[in-house]
Amino acid sequence: MPQVRIVARNFMDMVAALPAAKLNKLYDSSFICEAVLRSLPPLAKKYVLQMLFVDSPMTAKSMEEWVLPDGISKHKVAIDRLLQLRVFIEVTDRYIIQPSYKMNQKFQSNMQKYLISGGTLPREAMTLNSVVRLPSVGELDTYALEQWECFLLQLINSSQVEKPTSFSSSMMRAFQRGLLSSSRDNEAPRLTESGFQFLLMETNAQLWYIIREYISSAEERGMDPTDLISFLLELSFHTLGQAYSANTLTEVQRLAIKDLADLGLVKYQQGRKEGCFIPTKLATNLSVTLSDASSRKEGFVVIETNFRMYAYSSSRLHCEILRLFARIEYQLPNLLVGAITKESLYNAFENGITADQIVSFLQQNAHPRVAEKTPVVPENVTDQIRLWENDRNRVDMTLSHLYEDFPSKDLFEACCDFARDYGCLLWEDTKKMRLIVKGELHQQMRDFLRGQR
């Protein structure tokens, strides 16, 4: 069975996929330009700074001379990324045979102003007098985690949720697209292979997947995806834990901020005179790369060499995730006790989860007491998980056809040669004149046999 992979693309991948006109519109904002610059590979950043005050096009050959011979591959990656994001624009001239690159005028102008005059915040934070009480960073982290877990539980099993989000049914369906199979005959929707893989992702990878779906369905809600991307990137430049007035938001941004509060990206508070929103770490990490955002969080799982599992957590979401590949034996207020068994893993493999994903999840969520050990998960456990996966992959099913009862040996050998030339001969028995070919060759084989009569 082919594996379905969810690719968690960050904002810059979504920005690069925009049409040229909409991408140029984004570069009207200096915050977008700065966010794009931050996201670039190191060599691409260097090229931007070198070209920032150069108005004439630079030939590709001249730029190749900026790097040593062993850095050509990184050079190509940097140029490709700059062209994808339209930071560099390829210039064609009938008098110049080789390609040349020029910096996007809007991007160049905004970055020049930023370097000379310094950047300004998207909006000023509210004064302490106008805010009843600001939550601490720790309280914001707890709030963001609770909101995100509540949303994920509603996404996969609405019956488990104590406090459902305010997302409409159409929005939830957009989020569930590809993660849940459509229900039949009043049956509850089931997680797809992509859905199981989604649950084992890092939080930031899950967030980017959901944000991508949120942006993709923006037009269905009468919102411009470009405005939404612009606001989300702008949000990442706000200060963590500071309150900002909701009165400074546009109508599109007001609608978006309520949805983002449900996801845990911001905390919305209603004051006596006006409402305010407070960004959490989920929001301030939006413009950074996946590897930068995936800082180690405190884990909760301990795996012993006898395959016993102890999960120090009271989270319902953690319980649901562990059930995907482990047998939960009993649950205490802050402790889950279970075991990784052959049966539980076979069930996980059947649902499209791979051994590497399970091992990676256990390593990333290891309890602090074992996180510093090497290896984090006992080797006999990781080896056995992979061996059990290989057990299921020892036999590959191939659609095939058996041919027998050939009237002559010459016809049999001609058919063998025909199948062998196409690389579709699976087996042959010369004595009994029987052969098996791949199913994809069946029609051609029939036509070949007709031609031999």
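Predicted model: local features only at pLDDT ≥ 70, side-chain atom pairs only at ≥ 80, totals over all residues.
Residues are numbered from 1 along each chain as its sequence is written, and side-chain values use heavy atoms, with hydrogens and water left out. Local features need pLDDT of at least 70 and side-chain atom pairs count only at pLDDT 80 or more, whereas totals for chains, interfaces and linings use all residues.

The secondary structure of the protein chain comes to 22 helices and 13 strands, taken as DSSP runs (H or I, at least four residues, for helices; E, at least two, for strands) and numbered from the N terminus. Of the 453 residues in the chain, 47% are buried, that is, under 20% relative accessible area with a 1.4 Å probe, protein chains only. Contacts (heavy atoms within 4.5 Å) with a separation of 6 or more are formed to 66% by residues 24 or more positions apart.

Helix α11 (residues 203-216) has 14 residues and reaches 20 Å from its first C-alpha to its last, close to the 20 Å expected at 1.5 Å a residue; the expected span is 1.5 Å times one less than the number of residues. In α11, 12 of the 14 residues are buried, including Trp-208, Arg-212 and Tyr-214.

Not counting residues up to four places away in sequence, Leu-322 touches Phe-300, Val-301, Met-309, Ala-311, Ile-328, Leu-336 and Phe-361.

The whole structure holds 12 aromatic pairs, defined as rings of Phe, Tyr and Trp (its six-membered ring) with centres within 6.5 Å; planes under 30 degrees apart count as stacked, over 60 as edge-to-face and the rest as tilted. The rings of Phe-325 and Phe-361 are edge-to-face because their centres lie 5.9 Å apart and their planes stand at 75 degrees. Phe-325 is in the loop between α16 (316-322) and β9 (327-332), and Phe-361, 36 residues apart from it, is in helix α18 (residues 355-364). Phe-325 is buried at 0% relative accessibility, and Phe-361 is buried at 5%. Phe-418, Tyr-422 and Phe-448 form one aromatic cluster.

Charges also sit over rings (NZ of Lys or CZ of Arg within 6 Å of the ring centre and within 35 degrees of the ring normal). Arg-221 lies over the face of Tyr-214 at 4.3 Å from the ring centre, and Lys-267 lies over that of Tyr-143 at 4.5 Å.

Methods: Buried < 20%, exposed > 50% of the residue type's maximum accessible area, 1.4 Å probe, protein only.
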